[in-house]
Amino acid sequence: MDSLSGKKCVHVAVGVILGSDGRILLAKRPDHLHMGGRWEFPGGKVEEGESIQQAMTRELREELDIGVLAMEKLIEVRHDYGEKQVFLDTWCVTAFSGKARGVEGQALAWVTASDLTDYEFPDANQPIVVAVQNRFG
Ligand SMILES: Nc1nc2c([nH]c(=O)n2[C@H]2C[C@H](O)[C@@H](COP(=O)(O)OP(=O)(O)OP(=O)(O)O)O2)c(=O)[nH]1
Ligand SMILES: [Mg+2]
């Protein structure tokens, strides 16, 4: 719990997945979820007792059927959506095994860093997009 607002802060593992050609993998959030219909960097909630590496590995296996081989910290973003607060613990996934597919039926797109601004993201993602473009754009 966040002691100031009393609202629960959700710790989220967010993966900026780099393909061999330098493109970045986006997934479309299913319509019925929070921020549904927007594009996201794949990932999900860190569960009790998990490290960020364990959570990222589990989430990317569940959502994309890939194995995380190497990850490095990119940025931490805290955002208040009103109904919930999120802590986006954002890492670059610099090496992975397998071929990404939308296990849950979600659309995927491999995009260049400069094209990221053409996609609609959740409101919290703006600093992530800037950080990715600074690093890879
Ligand atoms: N994965 C991801 N989540 C994001 C991004 N931006 C953003 O605001 N979020 C928010 C949306 C959600 O409130 C939360 C992540 O939840 P999630 O729905 O991915 O969690 P999950 O995969 O564990 O899904 P579930 O088991 O709860 O269904 O973080 C982003 O770029 N990637
Ligand atoms: Mg998710």
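I take helices (H or I, at least four residues) and strands (E, at least two) as DSSP runs, numbered from the N terminus. With that settled, I place Met35 in the loop between S2 and S3.

**Conventions**

I note that this is a predicted model, in which local features need pLDDT of at least 70 and side-chain atom pairs count only at pLDDT 80 or more, while totals for chains, interfaces and linings use all residues. Residues are numbered from 1 along each chain as its sequence is written, and chains are lettered from A and ligands numbered from 1 in the order in which they are written.

**Entry 1: overall form**

I looked up the secondary structure and found two helices and seven strands. Read from the N terminus, the order is β-β-β-β-α-β-β-β-α. The radius of gyration is 14 Å, close to the 14 Å of the globule rule for 137 residues, so the protein is as compact as a globular protein of that length. This radius is taken over C-alpha atoms, and the rule is 2.2 Å times the number of residues to the power 0.38. I record a span of about 45 × 30 × 30 Å for the C-alpha trace along its principal axes.

For burial I call a residue buried if 20 or more other C-beta atoms lie within 10 Å of its own, exposed if 12 or fewer, and partly exposed in between, with C-beta atoms placed from the backbone. By this count 30% of the 137 residues are buried. Two residues are in contact if their C-beta atoms, placed from the backbone, lie within 7 Å. Of the contacts with a separation of 6 or more, 64% are between residues 24 or more positions apart.

**Entry 2: strand pairing**

I count two strands as paired if DSSP finds at least two bridges between them. Strand S5 (residues 67–80) runs antiparallel to strand S6 (residues 85–97), with twelve bridges. Within this pair, Ile75 is opposite Thr90 and Glu76 is opposite Asp89. Four residues lie between the two strands of this hairpin, where Gly82 has a positive phi near 90°.

S6 also pairs with S1, in the parallel sense, through nine bridges. Here Val12 faces Leu88 of S6.

I then turned to an open sheet of three strands, in the order S3-S2-S7 and with antiparallel pairing. Strand S3 (39–40) and strand S7 (108–111) are at the edges with a single partner strand each, so one side of each has no neighbour in the sheet. S2 and S3 are joined by two bridges, and Lys28 has Trp39 in S3 as its bridge partner.

**Entry 3: the nonpolar core**

A nonpolar core is a set of buried Ala, Val, Leu, Ile, Met, Phe, Trp, Tyr and Cys residues joined through C-beta atoms within 7 Å. Which residues have the most contacts inside the largest core? I list Val16, Ile17, Ile24, Met56, Cys92 and Val93, in a core of 31 residues. At least two of its residues come from each of S1, strand S2 (24–28), helix H1 (52–64), S5, S6 and helix H2 (126–136). S6 gives the largest share, six residues.

**Entry 4: around ligand 1**

I treat a residue as near a molecule or strand if its C-beta atom, placed from the backbone, lies within 6 Å of it. Ligand 1 has 18 residues around it, of which Glu40, Gly43, Gly44, Lys45 and Pro122 come nearest. Strand S1 (9–17), strand S4 (43–45) and S6 each give two or more residues to this shell. The shell holds eleven nonpolar, four polar and three charged residues. In this classing, Ala, Val, Leu, Ile, Met, Phe, Trp, Tyr, Cys and Pro count as nonpolar, Asp, Glu, Lys and Arg as charged, and the others, Gly among them, as polar.

**Entry 5: loop residues**

Most residues other than glycine have a negative phi. Met35, not a glycine, has a positive phi of about 65°. Met35 is partly exposed, with 16 other C-beta atoms within 10 Å. Asp65, in the loop between H1 and S5, also has a positive phi, near 60°. Asp65 is partly exposed, with 14 other C-beta atoms within 10 Å.

Gly19 touches Leu25 and Trp110, residues up to four places away in sequence not being counted.
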